[in-house]
Amino acid sequence: MSNAMGATTEELLGELGEQLRAQRLRSNLSLEDVARQTGLSINAVRRLESGQGSTLSSFVSMIKALQRESWLTTLRPTVTISPMAMLT
């Protein structure tokens, strides 16, 4: 899916899972490697990759194991206005 606008939750989870799996394969890591690095079960990693959902903690653990913490920066945009400046 190239356009996330109007996508269902299930479609977005599937897309995220595909991206996680593609990155794992690009990193030449097996399911077992990621499970060991994250402390997750192989089934939990498999569920994340298939878009079947998991906990937010598991998702972040997998992103860290894939060394893609930078993906999370889009969720926390840089603050451009100082709250203190707004008071004056």
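Trainee: Which residues in α3 meet Ser58, Phe59 and Met62 in α4?

Mentor: The model is a predicted one. In this model the α4 side of the contact consists of Ser58, Phe59 and Met62. Sorted by class, the residues of the contact of α3 with α4 comprise four nonpolar, one polar and one charged. On the α3 side, the residues are Val45, Leu48 and Glu49.

Trainee: How are α3 and α4 oriented, roughly parallel or roughly perpendicular?

Mentor: Two packed helices are described by the angle between their axes and the distance between the axes. Here the axes of α3 and α4 lie 11 Å apart, at an angle of about 90°. Angles of 65 to 115 degrees count as roughly perpendicular. Therefore α3 is, relative to α4, roughly perpendicular.

Trainee: Which element gives the most residues to the largest nonpolar core?

Mentor: This core has 14 residues, of which Leu20, Val34, Val45, Leu48, Met62 and Leu66 touch the most other members. Two or more residues come from each of α2 (31–38), α3 (42–50) and α4 (56–65). With four residues, the element that gives the most is α4.

Trainee: What is Val34 in contact with, leaving aside its neighbours within four places in sequence?

Mentor: Val34 is one of the core residues that touch the most other members. Beyond its neighbours within four places in sequence, its contacts are Arg24, Leu29, Val45, Met62, Ala65 and Leu66.

Trainee: Is Arg76 buried or exposed?

Mentor: Arg76 is found in the loop between α4 and α5 (83–87). Its relative accessible area is 58%, and the cut-off for exposed is over 50%. Arg76 is therefore exposed.

Technical notes: Residues numbered from 1 in each chain as written. Predicted model: local features only at pLDDT ≥ 70, side-chain atom pairs only at ≥ 80, totals over all residues. Heavy atoms only, no water. Core = buried A, V, L, I, M, F, W, Y, C linked by side-chain atoms within 4.5 Å. Buried < 20%, exposed > 50% of the residue type's maximum accessible area, 1.4 Å probe, protein only. Contact = heavy atoms within 4.5 Å. Axes fitted to C-alpha atoms, helices over the stretch in contact; angles between N-to-C directions. Parallel < 35°, antiparallel > 145°, perpendicular 65-115°, else oblique. Nonpolar A, V, L, I, M, F, W, Y, C, P; charged D, E, K, R; others polar.
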